[in-house]
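I opened this notebook to keep track of what I looked up, chain by chain. The entries follow the order in which I went through the model.

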Amino acid sequence: MIQAKPVMRVKNISKKFGNFTALYGVSMEVHSGEVHALLGDNGAGKSTLIKIISGVYQATSGEIQIDGNPVHFNSPRDASVVGIGTVYQDLALNHLTSVTRNFFLGREMSVGWEPFGLLKMKEMDAITVQEMAKIGIDIADPGQNVGTMSGGQKQTLAIARAIYFGAKVLILDEPTSALGQKQQMEVLKTIKRVKNLGNIAIILITHNEIHARLTADRYTFLSLGEVIGRGTSKDLEGDEIKRLMAGGAEIGDLAAELAF
Amino acid sequence: MSDQTDPLPAETPEENQSSSPASVSSEKRTETDRLVKKNWFFALFQNPEVGPFGVMILLLLALGFFSIPESVDSYNPFAGAGFNALGIRNNTRLIAQLGIIALGAGLLIIAGEFDLSIGSMVGFSGMCMAIIMKWGFHISVPIISNTAEGYGLDWVRIISITQVDPWMALGITLCFTLFFGWLIGYIVVKTGMASFIVSLSFLFFLRGLTEVCFRAFNKPPDQTSGSTQVSGLPDAKNMVELPGYGEIERAKVAVLPQDVIHKIYNSLSPEEVEGFSQRVSFSNASVAEFKSVMLHQKTLETLNRDIGFAQESGNTKLLETLHERVAENAEIVLISPNPVREVDVVKEYVETLSSLNPTADLLGGNILEGLFNWFYEIGWNVNNYGKQFAPGLYSSVLVWGVLAFLAYIVLSKTQAGNWIYSTGGDLNAAKANGVPTNKVKISLFIFSAFCATIFAATQVFETNTSDAAKGNLKELEAIAAAVIGGIVLTGGFGTVLGIVLGAVIFGIAREAFFYIPYVDGSFYRVFLGFILLTAALTNENIRKRLTGGL
């Protein structure tokens with residue numbers, strides 16, 4: 001299942017904001033059908049890295065390759081054109097309108113003179129139900145308001161939308177934070193289903209070690225803007241992950257210190 | 001992780017919980033089951049328009065009931081002044097005019113912005129149109145001139161149109177007002193300031209500009225200061241091309257010289273003359289009948305009064321004579337109707353000629369004239385003198401209907417509608433999904449200005465006057481109508497049908513309260529304030545229910 005050729009390769013990315021170095025020589029590889037966990041403490045540079053990958057920021061130096069070809073993004077739109085879909089924490093959903101209207105928001109199917117073309121509501125409803133079902137959520141009524149959905153369902157909607165609109169690399173920014181336990185499990189299941197589709201690479205950003213271990217195939221640990229560890233799930237033992245997530249500090253020492 | 005169907009490892013604390021999480025594959029209760037299944041009755045009452053619709057029905061019944069005169073013993077709501085032909089004509093006009101600006105205000109609020117400049121925009125566009133039609137349209141540029149007395153400023157006209165047609169006046173006015181609409185929108189999206197304060201500035205700016213322009217331009221060249229109103233514009237919507245005479249206002253046909261009338265009469269075909277004569281003789285007969293009845297009633301009233309006096313004074317001889325007179329007058333004596341004159345036929349003929357200014361006619365004329373003529377023939381659309389009561393409905397009703405239909409299609413059925421809802425519902429989400437939110441907002445500010453201009457145009461072409469105070473407070477009425485119709489002020493929520501109902505409620509409330517006995521007419525404002533507050537609370541509750549308490 002793990003392919004030799006990565007779908008996306010990040011090489012030696014550095015990013016400076018004035019004289020502050022947010023990222024220094026960061027590299028990572030992302031493979032289709034895999035979940036790549038990007039872990040690190042607050043301020044480690046995770047957000048900066050995914051913003052560069054999704055085209056919000058431009059790197060000071062370094063290169064991003066998609067299928068072996070170097071790409072350059074000036075805007076999030078450029079990134080989405082080559083197949084990088086980002087699901088941010090706020091999910092970019094309008095809670096006051098229906099599931100279908102959110103699924104196709106900004107990319108509506110219509111006949112006639114844009115933007116006054118008539119919406120193909122039936123077709124869009126069918127696609128929405130079908131795409132949501134693919135990753136495991138059966139919505140009874142695509143006309144239901146998003147505001148009445150559970151947190152997990154909303155996350156699924158945002159993921160299904162990104163996939164439908166051509167995401168080869170799906171970036172999930174802390175998808176399980178701010179959710180209850182059951183909802184978290186629902187999202188993790190969704191992530192596994194997307195992984196099992198086989199043609200999509202997932203970059204998962206999380207603070208939850210358990211969630212990472214449940215889903216991830218590969219890890220990259222960031223601390224203070226640098227990669228401090230990487231490996232596959234087989235290479236890394238439990239305590240090692242915990243240690244690297246905390247930025248390399250000995251968690252045992254920390255525990256001893258706190259326990260006095 | 002080679003086995004793709006492997007379930008999640010079982011040692012996780014989450015999985016140890018008794019019930020499995022919401023999942024489609026399990027046969028247990030899923031998340032979707034928590035949505036209440038809708039039956040049609042429940043669904044109907046979930047509609048946000050149900051409340052406004054109920055209030056509207058109540059108000060219509062109140063108007064119908066209270067407008068029945070006390071002397072008439074009837075419960076038919078169409079018996080009174082509220083729903084006679086003229087009542088309907090006037091009420092629908094009031095509603096339509098408010099409805100037009102409520103559409104602009106309402107769509108903008110759905111997109112999350114405010115426009116307080118609507119009222120001033122109405123005043124400004126009315127001024128613009130009237131002055132341009134009265135005095136022409138000129139663009140002057142200043143140049144520095146060098147004369148014997150030294151250097152000075154001279155104004156040179158580069159464009160000068162002295163005879164401005166209504167459509168041209170409307171077009172030029174739209175250039176100004178749509179620009180101002182765009183400017184308000186541009187300032188709001190570029191600076192990120194609250195639209196409340198930006199449009200409030202334009203409320204003052206435009207009202208001031210209106211008065212300044214009136215004083216500066218609404219005057220002959222030799223006068224120093226112009227008047228703040230324009231009156232006596234030619235009745236553009238009633239201008240017709242009369243064959244054998246030329247351009248003329250319909251009302252002025254009656255005073256044409258006899259020989260001109262005769263010439264026109266002779267130019268009509270016998271069938272035409274026959275048709276018009278029928279209408280005239282029907283009208284004359286109706287007038288004669290009403291006159292006979294009224295005369296009869298009057299005679300009897302006088303006689304009965306005199307009988308009373310005679311009884312008081314004990315004059316038995318007079319009493320006898322009077323009783324005889326009453327017996328003589330027991331039957332109505334029909335007055336013979338006026339003969340059909342040539343001028344009457346020509347007047348009927350002129351009514352059938354189409355207006356020379358379709359723009360003015362479309363905005364300020366009448367619609368459904370044929371239907372109202374038929375109402376007259378079946379005896380409903382008749383005033384106290386036996387003449388036709390209302391010629392038709394005001395055209396503004398049609399304009400409102402068309403605009404509302406288009407707004408409904410755009411908001412509910414098109415891509416643009418989804419953009420409007422998302423711009424107001426969650427601006428960041430809309431932006432993140434590539435919705436051009438700035439364009440959406442600016443377009444709706446322009447639409448709001450457009451609606452205000454159309455409102456002003458209907459007023460100007462109906463009355464052929466304009467005034468610096470026109471449209472005062474209309475912006476607040478438009479917003480109130482939209483809110484009564486279910487629009488939430490924070491944006492993203494509401495429908496065009498709601499805005500339409502809001503306008504109807506607002507317009508009918510005033511009329512209904514006017515007719516309620518022992519109640520001051522101004523209580524309609526008290527009532528509207530109460531309704532507005534209730535509507536705002538209800539809207540907020542519905543929104544919370546639909547969004548899960550957000």
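**Entry 1: overall size of chain A.** I began with the radius of gyration of chain A, which is 19 Å. A compact globule with 260 residues would have one near 18 Å, so the two agree. I note here that this is a predicted model. Along its principal axes, the C-alpha trace of chain A spans about 65 × 40 × 35 Å. I then looked up burial: 49% of the 260 residues of chain A count as buried. For contacts between residues at least 6 apart in sequence, 69% join residues at least 24 apart. The secondary structure of chain A comes to nine helices and twelve strands.

**Entry 2: overall size of chain B.** The box filled by the C-alpha atoms of chain B is roughly 120 × 85 × 50 Å along the principal axes. Buried residues are 38% of the 550 in chain B. Of the contacts in chain B with a separation of 6 or more, 73% are between residues 24 or more positions apart. I find 19 helices and eight strands in chain B.

**Entry 3: an open sheet in chain A.** In what order do the four strands of the open sheet in chain A run? The order is β2-β1-β4-β5, and the pairing is antiparallel. β2 (20-30) and β5 (69-71) of chain A are the edge strands, each pairing on one side only. On average, neighbouring strands of this sheet are turned by 30 degrees against each other, direction ignored.

Strand β1 (residues 8-17) of chain A pairs with β2(A) over seven bridges, in the antiparallel sense. Within that pair, I13(A) stands opposite V26(A) in β2(A).

**Entry 4: strand β11 of chain A.** Is strand β11 (residues 218-223) of chain A enclosed or open? Six of its six residues are buried, so β11 of chain A is largely enclosed by the rest of the structure. In a regular strand the side chains alternate between the two faces of the sheet. I checked which way they point here. R218(A), T220(A) and L222(A) point one way from β11(A), while Y219(A), F221(A) and S223(A) point the other way. All of these are buried.

Next I looked up the partners of this strand. Strand β3 (residues 35-40) of chain A and β11(A) run parallel and are joined by five bridges. H36(A) stands opposite R218(A) in β11(A). Strand β12 (residues 226-232) of chain A runs antiparallel to β11(A), with six bridges between them. There T220(A) stands opposite R230(A) in β12(A). β11(A) and β12(A) form a hairpin with two residues between them. L224(A), in the turn, has a positive phi of about 50 degrees.

**Entry 5: the nonpolar cores.** Which residues touch the most other members of the largest nonpolar core? They are L170(A), L204(A) and I505(B), in a core of 175 residues. Helix α16 (residues 437-463) of chain B gives the largest share of this core, 16 residues. Apart from this core lies another of ten residues, including V253(B), I261(B), I264(B) and V350(B).

I followed I505(B) further. Not counting residues up to four places away in sequence, I505(B) touches P52(B), V55(B), M56(B), L59(B), I484(B) and I531(B).

**Entry 6: two helices of chain B.** I looked up how helix α14 (residues 415-425) of chain B packs on α16(B). The angle is about 100 degrees, and the axes are 10 Å apart. That makes α14(B) roughly perpendicular to α16(B). W419(B), I420(B) and T423(B) in α14(B) meet T437(B), V440(B) and K441(B) in α16(B).

**Entry 7: A482 of chain B.** My last stop was A482(B), which lies in helix α17 (residues 474-484) of chain B. A482(B) has 29 other C-beta atoms within 10 Å, so it is buried. Its C-alpha atom is separated by 5.7 Å from that of G502(B), 20 residues apart along the chain. Leaving out residues up to four places away in sequence, A482(B) touches A102(B), A105(B), G106(B), I109(B), I487(B), I499(B) and G502(B).

Conventions: Residues numbered from 1 in each chain as written. Chains lettered and ligands numbered in written order. Predicted model: local features only at pLDDT ≥ 70, side-chain atom pairs only at ≥ 80, totals over all residues. Buried ≥ 20, exposed ≤ 12 C-beta atoms within 10 Å, placed from the backbone. Contact = placed C-beta atoms within 7 Å. Core = buried A, V, L, I, M, F, W, Y, C linked by C-beta atoms within 7 Å. Pairing = 2+ DSSP bridges. Axes fitted to C-alpha atoms, helices over the stretch in contact; angles between N-to-C directions. Parallel < 35°, antiparallel > 145°, perpendicular 65-115°, else oblique. Rg over C-alpha atoms; globule rule 2.2 N^0.38 Å.
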